[in-house]
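I opened the model and kept notes as I went. The entries below follow the order in which I looked things up.

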There are 2 protein chains.
Amino acid sequence: MATSSGQVRTTAPRGRRADARRNIEAILDTAVACLARDPEASVVDIAAAAGVGRVTLYSHFKTRAELIDAALVRTIQHADHILAATDTSGEPVRALINLVSSTWQIVHQFRNVLLAAQRELPSERIRGVHNRVLRRTQSIIERGRRSGAFRTDLPKHWLITTAFSLMHAAAEDASSGRIKVEQAPALITATLLAAFTAPGATVHDPPGPPPQLPQDLDDGSPAGASRRASG
Amino acid sequence: MATSSGQVRTTAPRGRRADARRNIEAILDTAVACLARDPEASVVDIAAAAGVGRVTLYSHFKTRAELIDAALVRTIQHADHILAATDTSGEPVRALINLVSSTWQIVHQFRNVLLAAQRELPSERIRGVHNRVLRRTQSIIERGRRSGAFRTDLPKHWLITTAFSLMHAAAEDASSGRIKVEQAPALITATLLAAFTAPGATVHDPPGPPPQLPQDLDDGSPAGASRRASG
DNA sequence: CATAAATCGAACATCTATGTTCGGATTACT
DNA sequence: AGTAATCCGAACATAGATGTTCGATTTATG
């Protein structure tokens, strides 16, 4: 739903009647939910699930692409709110851990919405929508670099790519049952902290809650002494 | 094209006439090429590009899914040949570098074929086809763990996931121009070597060819002293 | 060269999803 | 209460893709 300024509508416009606004909200909420379940959900499915006629939906969103765009924007906004409420003020390592923890929840829940968007929208658009979110990660990386905690021998944007790539990979592994949802943040964090360490430097231990038992984390590795040093 | 044993045909069967075998080959080659360009390429496109009637194609591959399956298998076989010819006998770090270098080429070239397969085939099938390839990475990781070079505090399969996730992420970044194709292997390797390092241990320098200038690798970072230690 | 195998185009049959149009029935707003 | 906005279902229009069937033609192969 493009406004005159070319923006995408994610909240019902003022001029409209109350029932119209309600419907738009319902459609958007439902669209996100449906796409999260099945990225190939059709407009028919979404309209039905929203308790709305197909025609009504089309009267608010000209095309499927427009609907999916709006759903994506709404998802990202939701994400941004959560991230804004996440404490990333502490030292970079701590900040990264918190950021990963929050981001993981979102990626895990809404991965399919992104998938749907990737099939329907041009990649520049998707990139653009993610800008605010990416900048949050970027600023933590910058702080970590200045403090010497994170490596500076690789491009910033590559470190960002690494972070999001791992989250999505974990989401996929989780959805196919190869890892447990609860252990994902720990895996991602442990991997990222190491990945962000410069050659020649020592990898930090992830602080915070006591780590899981190695038997739970590992899958029958050959190593006799599994955990680091271990004492 | 399922044989009586339930396998998927990737080479033309003996019984058939020579022109049939030639066509099957052409179709498979073309399918891989077409899908690599556009993962949504239709059967019509592929038949036309292969210089073959649509009916002929369907006479060899019952459904689109079957064709894509065969194309995927062929791609993986190609990959496996390349990997088999890659020297991974040396010490684990060196082996990983070589493996990444070879794998990157394949992922970069044929990423879209996998994408097409992911849309058309059940994920277990895709997993299954990748088995041999994954095992190559796995065995290097196991060796690296035994030698103490790679961390043992995370599940093997997660390290594998990490490796492939980064390659695909790099492929995407490359295809959208955010990184240069030539620098991808270096980025992936540098990141993986760190990611595979245990907490408390020191990240190895990637050996081998002299690294690029930091200005080329980096994107205007704020850090004054960019490269590690630097002397 | 004779036969069986294979190709080919064209047409047909579905199917699914997207969008559109219409007119009547509701429903919000003033 | 009156009016305009909105909803709704049903039907239509399109479009693209997948498969299938047919009969005629070409081509490998023994």
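**Entry 1: chain A.** I began with burial in chain A: buried residues make up 39% of its 231 residues. I call a residue buried if 20 or more other C-beta atoms lie within 10 Å of its own, exposed if 12 or fewer, and partly exposed in between, with C-beta atoms placed from the backbone. This is a predicted model: local features need pLDDT of at least 70, side-chain atom pairs count only at pLDDT 80 or more, and totals for chains, interfaces and linings use all residues. Residues are numbered from 1 along each chain as its sequence is written, while chains are lettered from A and ligands numbered from 1 in the order in which they are written.

I then listed the elements. Chain A has 9 helices and 0 strands. Helices (H or I, at least four residues) and strands (E, at least two) are DSSP runs, numbered from the N terminus.

I also checked contacts, meaning pairs whose C-beta atoms, placed from the backbone, lie within 7 Å. In chain A, 64% of the contacts with a separation of 6 or more join residues 24 or more positions apart.

**Entry 2: the core.** Which residues have the most contacts inside the largest nonpolar core? I found A71(A), A170(A), A71(B) and A170(B), in a core of 121 residues. Such a core is a set of buried Ala, Val, Leu, Ile, Met, Phe, Trp, Tyr and Cys residues joined through C-beta atoms within 7 Å. In soluble globular proteins, nonpolar side chains tend to be buried together.

Entry 3: I counted a residue as near a strand if its C-beta atom, placed from the backbone, lies within 6 Å of it. DNA strand D has 22 residues around it, and R16(A), N23(A), G53(A), A18(B) and R64(B) come nearest. The elements giving two or more residues to that surface are α1 (18–37) and α3 (54–60) of chain A, with α1 (18–37), α2 (43–49) and α3 (54–60) of chain B.

DNA strand C is surrounded by 22 residues, the closest being A18(A), R64(A), R17(B), N23(B) and G53(B). Here α1, α2 (43–49) and α3 of chain A and α1 and α3 of chain B each give two or more residues.

**Entry 4: helices of chain B.** Helix α6 (residues 123–146) has a kink of about 55°, centred on N131(B). The bend is the angle between axes fitted to the seven residues ending at a residue and the seven starting there. Among the buried residues of α6(B) are R136(B), I140(B) and G144(B). The buried residues of α6(B) pack against α4 (64–84), α5 (92–120) and α7 of chain B. After α6(B) comes G148(B), with a positive phi near 85°.

Helix α7 (residues 156–175) of chain B reaches 29 Å from its first C-alpha to its last. That is close to the expected 28 Å, which is 1.5 Å times one less than its number of residues. G177(B) follows α7(B), and its phi is positive, near 80°.

**Entry 5: two single residues.** R37(B) is in helix α1 of chain B. Why is R37(B) exposed? Because 12 other C-beta atoms lie within 10 Å. The C-alpha atoms of R37(B) and E142(B) are separated by 35 Å.

H204(B) lies in the loop between α8 (184–195) and α9 (214–217) of chain B. H204(B) is partly exposed because 15 other C-beta atoms lie within 10 Å. Not counting residues up to four places away in sequence, H204(B) touches P199(A), V93(B) and L193(B).

Conventions
Contact = placed C-beta atoms within 7 Å.
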